[in-house]
Amino acid sequence: MTRNGFRELIADFLGVSASELPDTTEKESVESWSSLVDVQIAMVIQTELGAEPTAEMLEADTVGNLLNLLESAKLFH
C-alpha cells in the first residue's frame with residue numbers, strides 16, 4: 001500500500017474525499033472521526049500493512065503525523 005492509498009482508506013472511513021484530508025488535518029477537526037475510525041485504521045495497519053500499530057501511531061494528532069509514522073516504519077511501498 002502507498003501513502004496515498006492509505007490516505008484514501010482513511011477518507012473512505014470518514015466519508016470524505018482524500019483531497020479533503022491534507023497532512024495538516026487534525027483528528028478533532030473532522031466531525032466523523034470517531035473511535036470506530038481509529039479501530040478501523042488499527043485493523044488496516046495490522047491486516048494490510050502487516051504491523052502491530054504502536055501507541056504513537058494510534059495517538060497521532062494529524063493525518064500527516066500518522067502517515068509519517070507509517071512511512072518511517074517502512075510500511076508503505
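Predicted model: local features only at pLDDT ≥ 70, side-chain atom pairs only at ≥ 80, totals over all residues.
Student: Where does Lys-74 lie, and what makes its class of accessibility buried or exposed?

Tutor: Lys-74 belongs to the segment after H4; helices are DSSP runs of H or I with at least four residues, strands are runs of E with at least two, and both are numbered from the N terminus. For accessibility, buried means under 20% relative accessible area, exposed over 50%, and partly exposed in between, using a 1.4 Å probe and protein chains only. Lys-74 has 72% relative accessibility, so the residue counts as exposed.

Student: Which residues of H4 are buried, and how do you know on which side of the helix they lie?

Tutor: The buried residues of H4 are Val-63, Gly-64, Leu-66, Leu-67 and Leu-70. They cover an arc of only 160° around the axis and therefore lie on the same side of H4; the arc is taken from the directions that run from the helix axis to the C-beta atoms. An α-helix has 3.6 residues a turn, so residues three or four places apart point the same way. Among the elements that cover the buried residues of H4 are H1, H2 and helix H3 (55-58).

Student: Why are Phe-6 and Phe-76 called a tilted pair?

Tutor: Rings of Phe, Tyr and Trp (its six-membered ring) pair if their centres lie within 6.5 Å, and planes under 30 degrees apart count as stacked, over 60 as edge-to-face and the rest as tilted. By this rule the model has 1 aromatic pair. Phe-6 and Phe-76 stand 6.1 Å centre to centre with 55° between the planes, and the pair is tilted. The two residues are 70 residues apart, Phe-6 in helix H1 (residues 3-14) and Phe-76 in the segment after helix H4 (63-72), and the pair links distant parts of the chain.

Student: What makes the class of Phe-6 and that of Phe-76 buried or exposed?

Tutor: Phe-6 has 1% relative accessibility and so counts as buried. Phe-76, at 16%, also counts as buried.

Student: How do you know that Asp-23 and Arg-3 form a salt bridge?

Tutor: A salt bridge requires a side-chain nitrogen of Lys or Arg within 4 Å of a carboxyl oxygen of Asp or Glu. For Asp-23 and Arg-3 the N to O distance is 3.1 Å, and the two side chains meet in a salt bridge. Asp-23 lies in the loop between H1 and H2 and Arg-3 in helix H1, 20 residues apart. Arg-3 is buried at 16% relative accessible area, whereas Asp-23 is partly exposed at 34%.

Student: With which residue does Arg-7 form a salt bridge, and what makes Arg-7 buried or exposed?

Tutor: Arg-7 pairs with Asp-23, the closest N and O atoms being 2.7 Å apart. The two are 16 residues apart, with Arg-7 in helix H1. Arg-7 has 11% relative accessibility and therefore counts as buried. Beyond its neighbours within four places in sequence, Arg-7 is in contact (heavy atoms within 4.5 Å) with Ala-18, Leu-21, Pro-22, Asp-23, Val-63 and Leu-67. Arg-3, Arg-7, Asp-23 and Glu-71 are linked in a network of salt bridges, and the model has 4 salt bridges by this rule.

Technical notes
Residues numbered from 1 in each chain as written. Heavy atoms only, no water.
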